[in-house]
Amino acid sequence: SQFFIRTHCETTLERLPDLGVIKLTRDPLMAARSLANRDKTMFANSLPPDRSSNAFRIEDWSRLSRFQLYLHLWLETELRYHNFVERHEIANRFELDTAELNDADVLARMFATFGIEHGEIDVLPPSNTNRVSTVIKAQDIAEYEALLNMAPPALIDRINYLDNYSPPRAA
């Protein structure tokens, strides 16, 4: 989670040197739009983009939309994850995206990665408790592209999820 990677990953690794990590990734536009649709206090659970601890810093972030701020959070979480697993050579890890949560074969591979014995895997249907559907608009895609253009290409290249990424179709 963004909270683990921002706060507890180093301490957890010190206490559990054989740490295994499961990384679940949600589509960046869907995640940002879902968060932007909520009336939450910005930065209650994250840092502003200009903080020195961020891998992707934006000094003048006041011009960013709420949606772009949540996209920045997604990008920053990805970068911190990759820095963590590379810096500590975390070999025992499994990465999947939310669409794969409904794939019994992917879940079986995940369990095998960690040596977890299991019986037959019953995949549950997706459930969404949002009161409003998450709909990507053309403006969201434009804001996503604008934010990516602010980032140094070397940072974006570190995020494997974005290799061959196509934003969801705009409504």
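Asn164 counts as exposed, at 79% relative accessibility. Here buried stands for under 20% relative accessible area, exposed for over 50%, and partly exposed for what lies in between, using a 1.4 Å probe and protein chains only. Asn164 belongs to the segment after α6, and it has a positive phi of about 60 degrees although it is not a glycine. Most residues other than glycine have a negative phi. Glu89 also has a positive phi, near 50 degrees. You will find Glu89 in the loop between α3 and β2, where it is exposed with a relative accessible area of 68%.

A word on what you are looking at: this is a predicted model, in which local features need pLDDT of at least 70 and side-chain atom pairs count only at pLDDT 80 or more, while totals for chains, interfaces and linings use all residues. Residues are numbered from 1 along each chain as its sequence is written, and side-chain values use heavy atoms, with hydrogens and water left out. Helices (H or I, at least four residues) and strands (E, at least two) are DSSP runs, numbered from the N terminus.

Now let us turn to the aromatic rings. Rings of Phe, Tyr and Trp (its six-membered ring) pair if their centres lie within 6.5 Å; planes under 30 degrees apart are stacked, over 60 edge-to-face, and the rest tilted. The count comes to 5 aromatic pairs. Trp74 and Tyr161 form an edge-to-face pair, because their ring centres are 5.7 Å apart and their planes stand at 65 degrees. This pair links distant parts of the chain, with Trp74 in helix α3 (residues 66-87) and Tyr161 in the segment after α6 (153-157), 87 residues apart. Trp74 is buried, at 10%, whereas Tyr161 is partly exposed, at 24%. Tyr161 also pairs with Tyr165 in a tilted arrangement, 5.9 Å centre to centre and 40 degrees between the planes. Together, Trp74, Tyr144, Tyr161 and Tyr165 make one aromatic cluster.

What about the nonpolar side chains? A nonpolar core is a set of buried Ala, Val, Leu, Ile, Met, Phe, Trp, Tyr and Cys residues joined through side-chain atoms within 4.5 Å. The largest one has 27 residues, and Leu29, Phe56, Leu75, Tyr144, Leu147 and Leu162 have the most contacts inside it. Two or more residues each come from α2 (28-36), α3, α5 (138-150) and α6. Helix α3 gives the largest share, 8 residues. Apart from this core lies another, of 9 residues, among them Cys9, Phe84, Val85 and Ile90.

Contact means heavy atoms within 4.5 Å. Not counting residues up to four places away in sequence, Arg80 touches Ile5, Arg6, Leu47, Ser53 and Asn54.

Our last stop is the strands. Two strands pair if DSSP finds at least two bridges between them. Strand β1 (residues 21-25) and strand β2 (residues 93-97) pair in the parallel sense over 5 bridges, and Ile22 stands opposite Phe94 in β2. In a regular strand the side chains alternate between the two faces of the sheet. In β1, Val21, Lys23 and Thr25 form the covered face, while Ile22 and Leu24 form the uncovered one.
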